[in-house]
Amino acid sequence: MSDPTDRNRLGEEASPYLRQHADNPVNWQPWDDQAFAAAEERDVPVFLSIGYSACHWCHVMAEESFEDETVAAYLNDNFVPVKVDREERPDVDDLYMTVAQLATGGGGWPLSVWLTPDKRPFYVGTYFPRESSGNQPGFLDVLRSLHERWETEREAVESRADQWASALEGEVEAVPDARADPPGRDALDAAASAAIEGADRKHGGWGSGQKFPQPGRLHVLLRAAVHGGDAADEARAVATETLDAMAAGGLYDHLGGGFHRYCVDRDWTVPHFEKMLYDNAELPRAYLAGYQLTGDDRYRDVAAGALDFVADELSHPEGGFYSTLDARSEGEEGKFYVWTLDEVSAAVDDPTDATVFGAYYGVTQNGNFEGSSVLTRRRDLADVADELGMETEDARERLDRAHAQVYAARTERPRPARDEKVIGAWNGLAIRAFAEAGLVLDTDYAARAVDALDFVRDHLWNETEQRLARRYADGETKGTGYLEDYAFLAAGALATYEATGDVAHLAFACDLADALVAEHWDENEKTLYFTPASGEELLARSQDLADRSTPSPTGVAVWVLDALAAFRPESGYQDVADAVLATHAETIETQALTHPSLALAADTHERGHLEVTVAADETPDDWRDAITARYLPDRLLSRRPLTADGLAAWLGELGLDDAPPIWAGRGRRPAGGAERSSGDQPDPRADDGATAYVCRRACSPPITDTDELAEWLEEYR
């Protein structure tokens with residue numbers, strides 16, 4: 001039998017990131033049994049390199065080391081090189097990133113880990129230059145040193161591997177003792193207080209160096225603002241300062257819409273230019289919430305611009321959403337996005353139009369990024385017009401013309417590469433964002449959510465086995481779904497039901513919740529694990545509690561199970577949500593700022609959802625407007641059929657014998673105004689009008705008037 005490590009096997013993979021390395025002289029192996037069996041047979045360590053297609057330093061290390069014949073020969077002779085796309089295998093990435101953080105206090109990509117053939121780590125780092133530089137060792141020197149240790153100090157290597165494996169298991173698998181009562185509003189208050197205390201009040205956001213978007217913290221602050229209390233005004237101020245700063249700076253693409261990954265400076269000017277689907281799902285949700293709370297049209301426009309970017313540039317033709325756009329084009333980071341004054345002048349027909357554009361978007365002779373300018377929007381157009389001696393309306397017309405011409409010129413530039421994996425979890429985030437925009441902005445966004453959800457059902461959901469796959473690419477479905485895939489997609493399906501009133505989406509959300517509980521809930525430990533019970537057994541089975549670049553899968557899972565329990569009270573969803581919150585109560589309360597999704601779920605759990613049930617064939621437009629014009633962060637909007645026959649059909653689709661509380665007794669109001677006790681039996685006196693109910697613990701009377709609906713929403717808000 002031939003040795004699989006005699007050749008580079010990545011050409012057989014669908015992942016664009018892995019294919020980027022298929023032509024390397026390194027004999028890369030995918031993460032599979034063959035690779036580790038070969039390492040065992042050859043008695044050599046595994047070199048594990050983890051990255052993703054839009055990762056700048058991954059490209060740099062590849063060009064410096066993995067494309068170098070000398071480095072490749074040494075790697076191939078003395079190690080088994082394994083390449084992992086972190087977006088396909090978040091379990092592997094999370095496990096060894098935890099090792100990096102424990103061992104070095106930091107992490108990042110590319111993640112470089114050396115393993116024994118049985119997958120125990122014994123050395124870890126991130127990016128290594130080919131040659132040593134200052135205090136940073138060169139990659140080839142590291143390889144030589146580790147090979148020598150493997151050959152001459154094997155006992156010490158094995159001892160370190162044992163120590164790190166044990167520490168890893170204790171870090172990610174350990175479960176605290178459950179508390180009698182789950183946390184509630186106190187966790188949200190703690191998170192909001194910490195977010196206010198740590199905020200950069202001058203520039204927005206958090207930290208004094210690189211600035212990362214933190215949508216979970218924004219949702220905490222916005223909810224604290226609407227709840228009232230001593231910190232409400234300050235919470236609102238910190239949230240809006242951050243929303244304003246991100247929208248005005250270089251994090252946002254002012255030509256094409258959408259957000260870059262993060263900014264490398266304190267004042268949000270120069271971004272790290274890759275665009276990720278998850279940022280352009282979660283940030284629009286934060287801006288939609290900001291718009292609902294404040295009524296500021298800028299937030300609405302930014303949310304719409306980001307979602308329009310996703311629809312235009314990250315859409316699979318059959319409905320799903322792609323993963324990323326690279327930071328680089330023509331081998332240079334940011335080249336697609338930055339401008340000089342000469343480039344603006346060449347793109348714009350009228351010199352005065354070009355002057356207005358440059359003044360408004362901060363294009364200068366010296367630039368703010370390597371001699372070019374990242375577009376920012378930090379000046380009022382009225383001030384620009386005044387400076388240039390023209391009327392504001394004239395400046396607006398000139399700016400609009402120039403914007404269109406500069407955008408057209410950009411479309412002629414070589415584009416950044418696109419990673420066309422369709423990842424279940426990230427699609428769930430995008431579906432939820434589009435569905436919410438379908439309620440708040442325009443129903444066309446909800447239709448886009450439906451298309452993506454249908455794509456997921458067709459390509460990632462196995463109806464027979466009732467299980468999710470991780471990703472779809474080039475006609476191939478691959479990988480096991482993780483907790484984030486089930487939780488984020490269930491939340492997206494539920495939001496799509498709220499936006500459309502189509503029970504099929506609610507039924508799919510429940511199917512996903514059933515599978516989530518079956519695969520990820522541990523009854524003995526009273527926790528949810530990130531990896532499924534039926535998945536690959538790694539060194540440890542991790543939990544994922546904190547918000548990172550995406551929300552906490554555990555936090556979203558608790559929230560969506562809590563919500564779906566209103567429709568399937570006998571499912572056990574509520575028991576799981578209660579138990580997980582109780583198990584991790586101390587972590588949520590003492591580390592609330594790093595666990596905003598769990599803090600939000602705990603707050604909703606204590607307060608209860610604001611249930612808005614609409615018995616109607618279609619939710620009336622003015623009712624929809626009344627509901628979505630308000631920021632109602634724990635709202636659960638539920639349409640149900642008017643007739644008993646219609647409701648019976650829905651119950652059948654959900655596998656229910658009886659109407660759940662959110663529907664029972666909430667039928668249409670009969671003629672004459674007398675309320676029926678059940679609402680589920682035909683009544684010859686009943687008219688054909690829609691009827692609404694607003695409930696939080698207790699319910700309003702039947703509502704048939706828009707103004708009355710608005711009053712009850714304010715009452716229970």
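Cys58 is buried in this predicted model, with a relative accessible area of 3%. The cut-off for a buried residue is under 20% relative accessible area, so Cys58 falls on the buried side. Its partner is Cys55: the two cysteines form a disulfide, with their sulfur atoms 2.3 Å apart. A pair of cysteine sulfur atoms counts as a disulfide when the two lie within 2.5 Å, so this pair qualifies. Cys55 is buried as well, and its relative accessible area is 3%. The bond between the two sulfur atoms also has a handedness. The torsion about the S-S bond of Cys55 and Cys58 is about 80°, and the disulfide is therefore right-handed.

By the distance rule, the count of disulfides comes to 2. The other pair is Cys695 and Cys699, whose sulfur atoms are 1.9 Å apart. Here the torsion about the S-S bond is about 110°, so this disulfide is right-handed. How accessible are the two residues? Cys695 has 2% relative accessibility and counts as buried. Cys699 has a relative accessible area of 37% and is partly exposed, because that value lies between the 20% and 50% cut-offs.

With bonded cysteines counted along the chain, the disulfides follow the pattern 1-2, 3-4. Cys263 is in no disulfide. The nearest cysteine sulfur to that of Cys263 belongs to Cys55 and is 17 Å away, while a disulfide needs sulfur atoms within 2.5 Å. Cys263 counts as buried, at 0% relative accessibility. Cys510 is also in no disulfide. For Cys510, the nearest cysteine sulfur is that of Cys695, 19 Å away. Cys510 has 1% relative accessibility and counts as buried.

Helix α5 covers residues 90-104, which makes 15 residues. From its first C-alpha to its last, α5 reaches 20 Å. This is close to the 21 Å expected at 1.5 Å a residue. How many of the residues of α5 are buried? The number is 11 of 15, and the helix is mostly covered. Among the buried residues are Pro90, Asp91, Val92, Asp93 and Asp94. The list of buried residues also includes Leu95, Tyr96, Met97, Thr98, Val99 and Ala100. After α5 comes Gly105, and the phi of Gly105 is positive, near 80°.

Conventions: Residues numbered from 1 in each chain as written. Predicted model: local features only at pLDDT ≥ 70, side-chain atom pairs only at ≥ 80, totals over all residues. Heavy atoms only, no water. Buried < 20%, exposed > 50% of the residue type's maximum accessible area, 1.4 Å probe, protein only. Helix = DSSP H or I, 4+ residues; strand = E, 2+ residues; numbered from the N terminus. Expected span 1.5 Å × (residues − 1).
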